[in-house]
Amino acid sequence: MLGSQFRSIPEWDSDEVRRYLEEREPETFTLLDVREPEEYRQEHIPGAKLIPLGELPDRIGELDPEMTTIVYCRSGKRAASATGLLMNAVFDDVWNMT
(Lines give C-alpha, C1' and ligand atoms only; values in the text may rest on other atoms or scores of the structure.)
Protein backbone atom coordinates (compact mmCIF):
# COMPACT_ATOMS: atom_id res chain seq x y z
CA MET A 1 0.00 0.00 0.00
CA LEU A 2 1.45 3.34 -1.04
CA GLY A 3 0.52 5.20 2.14
CA SER A 4 2.46 2.82 4.37
CA GLN A 5 5.71 3.87 2.67
CA PHE A 6 5.23 7.41 3.96
CA ARG A 7 4.41 6.74 7.61
CA SER A 8 6.58 8.63 10.03
CA ILE A 9 9.12 6.64 12.01
CA PRO A 10 8.15 6.52 15.70
CA GLU A 11 11.00 7.70 17.91
CA TRP A 12 11.98 7.64 21.56
CA ASP A 13 14.98 9.50 22.87
CA SER A 14 17.47 7.74 25.14
CA ASP A 15 15.76 8.96 28.33
CA GLU A 16 12.39 7.58 27.18
CA VAL A 17 14.03 4.25 26.32
CA ARG A 18 15.85 4.14 29.67
CA ARG A 19 12.57 4.67 31.55
CA TYR A 20 10.80 2.06 29.43
CA LEU A 21 13.54 -0.53 30.06
CA GLU A 22 13.62 0.17 33.80
CA GLU A 23 9.85 -0.31 34.12
CA ARG A 24 9.58 -3.64 32.30
CA GLU A 25 10.93 -7.15 32.44
CA PRO A 26 13.50 -7.96 29.70
CA GLU A 27 11.38 -10.78 28.24
CA THR A 28 8.57 -8.31 27.42
CA PHE A 29 10.45 -6.35 24.72
CA THR A 30 13.19 -6.66 22.13
CA LEU A 31 16.14 -4.30 22.15
CA LEU A 32 17.62 -4.54 18.66
CA ASP A 33 21.13 -3.33 17.81
CA VAL A 34 21.51 -2.95 14.02
CA ARG A 35 25.18 -1.94 14.01
CA GLU A 36 28.02 -4.12 12.76
CA PRO A 37 29.50 -6.90 14.93
CA GLU A 38 32.71 -4.96 15.63
CA GLU A 39 30.69 -1.99 16.93
CA TYR A 40 28.63 -4.35 19.09
CA ARG A 41 31.77 -5.99 20.50
CA GLN A 42 33.18 -2.59 21.45
CA GLU A 43 30.08 -1.56 23.36
CA HIS A 44 26.36 -2.33 23.46
CA ILE A 45 23.35 -2.02 25.71
CA PRO A 46 23.11 -5.11 27.91
CA GLY A 47 20.47 -7.52 26.65
CA ALA A 48 20.48 -6.15 23.10
CA LYS A 49 20.12 -8.56 20.20
CA LEU A 50 22.55 -7.92 17.35
CA ILE A 51 21.20 -8.12 13.82
CA PRO A 52 23.18 -5.83 11.50
CA LEU A 53 20.95 -3.75 9.24
CA GLY A 54 22.20 -5.53 6.10
CA GLU A 55 21.16 -8.90 7.55
CA LEU A 56 17.78 -7.80 8.91
CA PRO A 57 15.65 -8.69 5.85
CA ASP A 58 16.94 -12.29 5.98
CA ARG A 59 16.78 -12.58 9.77
CA ILE A 60 13.50 -10.81 10.50
CA GLY A 61 11.99 -14.17 11.48
CA GLU A 62 14.19 -14.13 14.60
CA LEU A 63 12.07 -11.29 15.98
CA ASP A 64 8.59 -11.43 17.48
CA PRO A 65 6.28 -8.90 15.78
CA GLU A 66 3.98 -9.03 18.83
CA MET A 67 6.63 -7.59 21.16
CA THR A 68 7.63 -3.97 21.55
CA THR A 69 10.85 -3.57 19.57
CA ILE A 70 13.30 -0.76 20.23
CA VAL A 71 15.95 -0.33 17.53
CA TYR A 72 19.25 1.49 17.92
CA CYS A 73 22.54 2.15 16.18
CA ARG A 74 25.30 4.74 16.57
CA SER A 75 23.65 7.79 14.99
CA GLY A 76 20.03 6.74 14.46
CA LYS A 77 20.14 6.48 10.66
CA ARG A 78 20.47 2.70 10.43
CA ALA A 79 17.96 2.29 13.24
CA ALA A 80 15.44 4.50 11.41
CA SER A 81 15.86 2.34 8.28
CA ALA A 82 15.43 -0.82 10.34
CA THR A 83 12.37 0.62 12.09
CA GLY A 84 10.77 1.37 8.73
CA LEU A 85 11.57 -2.12 7.48
CA LEU A 86 9.97 -3.66 10.57
CA MET A 87 6.90 -1.42 10.26
CA ASN A 88 6.45 -2.60 6.68
CA ALA A 89 6.74 -6.18 7.94
CA VAL A 90 3.73 -5.67 10.26
CA PHE A 91 5.58 -4.86 13.47
CA ASP A 92 3.09 -2.49 15.12
CA ASP A 93 5.03 -1.47 18.23
CA VAL A 94 8.49 -0.58 16.98
CA TRP A 95 10.56 2.45 17.98
CA ASN A 96 13.74 4.11 16.73
CA MET A 97 15.96 5.25 19.59
CA THR A 98 17.33 8.68 18.68
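**View 1. The largest nonpolar core comprises 13 residues.** L32, V34, L56, L63, V71, L86 and V94 have the most contacts inside this core, a nonpolar core being a set of buried Ala, Val, Leu, Ile, Met, Phe, Trp, Tyr and Cys residues joined through side-chain atoms within 4.5 Å. Helix α4 contributes the most, with four residues. A second, separate core of eleven residues includes L31, Y40, L50 and Y72. The model is predicted: local features require pLDDT of at least 70 and side-chain atom pairs count only at pLDDT 80 or more, whereas totals for chains, interfaces and linings use all residues. Residues are numbered from 1 along each chain as its sequence is written, and side-chain values use heavy atoms, without hydrogens and water.

**View 2. Five strands form an open sheet with parallel pairing, in the order β1-β5-β4-β2-β3.** Strands are DSSP E runs of at least two residues, helices H or I runs of at least four, both numbered from the N terminus; two strands pair if DSSP finds at least two bridges between them. Strands β2 (residues 29-33) and β4 (residues 68-72) run parallel and are joined by five bridges. T69 of β4 is the bridge partner of T30.

View 3. After α4 comes V90, with a positive phi near 65°.

Note on methods. Buried < 20%, exposed > 50% of the residue type's maximum accessible area, 1.4 Å probe, protein only.
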